[in-house]
Amino acid sequence: MSTVREQQPAAAPGHPALKKALTTPLLYFFILGDVLGAGVYVLVGQVAADAGGAVWVPLTVALLLAMLTAASYAELATKYQRAGGAAHYATRAFGPFAGFLAGFCMLAAGIVSVAALARGFGGDYLSAFVTLPVGLVAVVFLALLALLNARGIRESMRANVVATVVEVGGLLIVVALGAWLLMRGDGDPGRLTQLGTADKGAAAAVLSGSVLAYYSFVGFETSVNVAEETRDPRRSYPRALFGALATAGAVYVLVGIAASAAVPTDRLAASSGPLLEVVKEAGGVPLLLFSAIALVAVANGALLTGIMASRLAYGMARDGLLPAALARVLPGRRTPWAAIAATTAPAMVLALTGSVAVLASTLVLLLIVVFFMVNIAVLVLRRDPGTEPHFRAPTVLPVLGAASCVLLATQIEGRVWLRGLAVLAVGALLGAVAAVRRDRRRVEPARDESGNGAPPAEH
């Protein structure tokens, strides 16, 4: 890939560009921190319930599937360096309606995810230290995250680096404890080859487990919304993206091996805190330590998802898909304060009402819809060569990426499809309205110039 000089992207008329503050290491930690979120602390048990003791197999399959779509994101993010991500790509490829629908799905998923993480922060993990009303904790938590987000991308990323180190450190402790258990003869490495359950054969178990494991790798897609704030993204973005996914995959596989070998599969599957089972089995590490690590993981995941949602709303507003007011930025900080406020408010409402549980199960489905659109958009936008050199994925990767989305969608339960289709219907309705308004704005200036519309303004 060619090296190009750093350029400040041109801002849309009336909208100042965001500040370029992210280096390759900061972007790497952003992606790694978002992928290695709170889900890993509960995911291993769920995968074990679906796939059996060989948890590392569906984790590996999920990593490979995620890499396919990641290649499409790498091409588009380096070709079009603008906040807005999937919404911007879909708009370019298919028009404003598809762009709005993609952005709406991402926004819905992001806002619900932040709300769920806020409630998680105020739940059992925090109760290990102090008991406070979950709603109050969630609102204060979201307000503090919004302030950190508005202060600046650099400050948020520095906090993310620290939190990511803590998260990875906790997972490495689990790996070390699993190895220690095996060395002292207490574990059972035979479980690492056990695929399948009483209800599913090996192949069905791997596919079912891979759907759950795939959720653990989502988060990388949020990074495209900060490509505009990255120095030399054509070099930095692919390196940070694939490096972070590979790191997360390696950590996940090692954690899966350690947990499966250390703890019986049925006990692992029945636990809501499967990694704590490893700590209990090995001994020597305070359980409060893991509660603290989990709180850091939840907070970091919420911060990064909040950054994604606000940059996405900002980008959609700049593309005319959301009200222009959401594209306002702080004069000194150059952070999208209006978009931050607009995405934080509904997250607070969801966290207070407790309706997050109803929508949370639709997150994977919404993201699969977005990923499918992104993979197809790569192929459609090949007719646009771009203005400068950029990363180009082999054509087979977006094709396989789109096919993998269809495969994963077939594994989604019917009741989840019903909720997901309801969200998509709302997005489609709002997208149609946005498309009509955008077309009307284009027609009105032409009418004014021809003299058939409003009279010209007086000078």
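**Helix 7 and its end**

Begin by selecting helix 7 (residues 134-151), whose 18 residues should span 26 Å at 1.5 Å a residue, and whose end C-alpha atoms are 26 Å apart, which agrees; the expected span is 1.5 Å times one less than the number of residues. Helices here are DSSP runs of H or I with at least four residues, and strands are E runs of at least two, numbered from the N terminus. This is a predicted model, in which local features need pLDDT of at least 70 and side-chain atom pairs count only at pLDDT 80 or more, while totals for chains, interfaces and linings use all residues. Residues are numbered from 1 along each chain as its sequence is written, and side-chain values use heavy atoms, with hydrogens and water left out.

Within helix 7, colour the buried residues, among them Val137, Phe141, Leu142, Leu145 and Asn149; buried means under 20% relative accessible area, exposed over 50%, and partly exposed in between (1.4 Å probe, protein chains only).

**Leu288**

Next, select Leu288, which lies in helix 13 (residues 287-318). Is Leu288 buried, partly exposed or exposed? Because its relative accessibility is 46%, Leu288 counts as partly exposed.

**The whole protein**

Among contacts (heavy atoms within 4.5 Å) between residues at least 6 apart in sequence, 83% join residues at least 24 apart.
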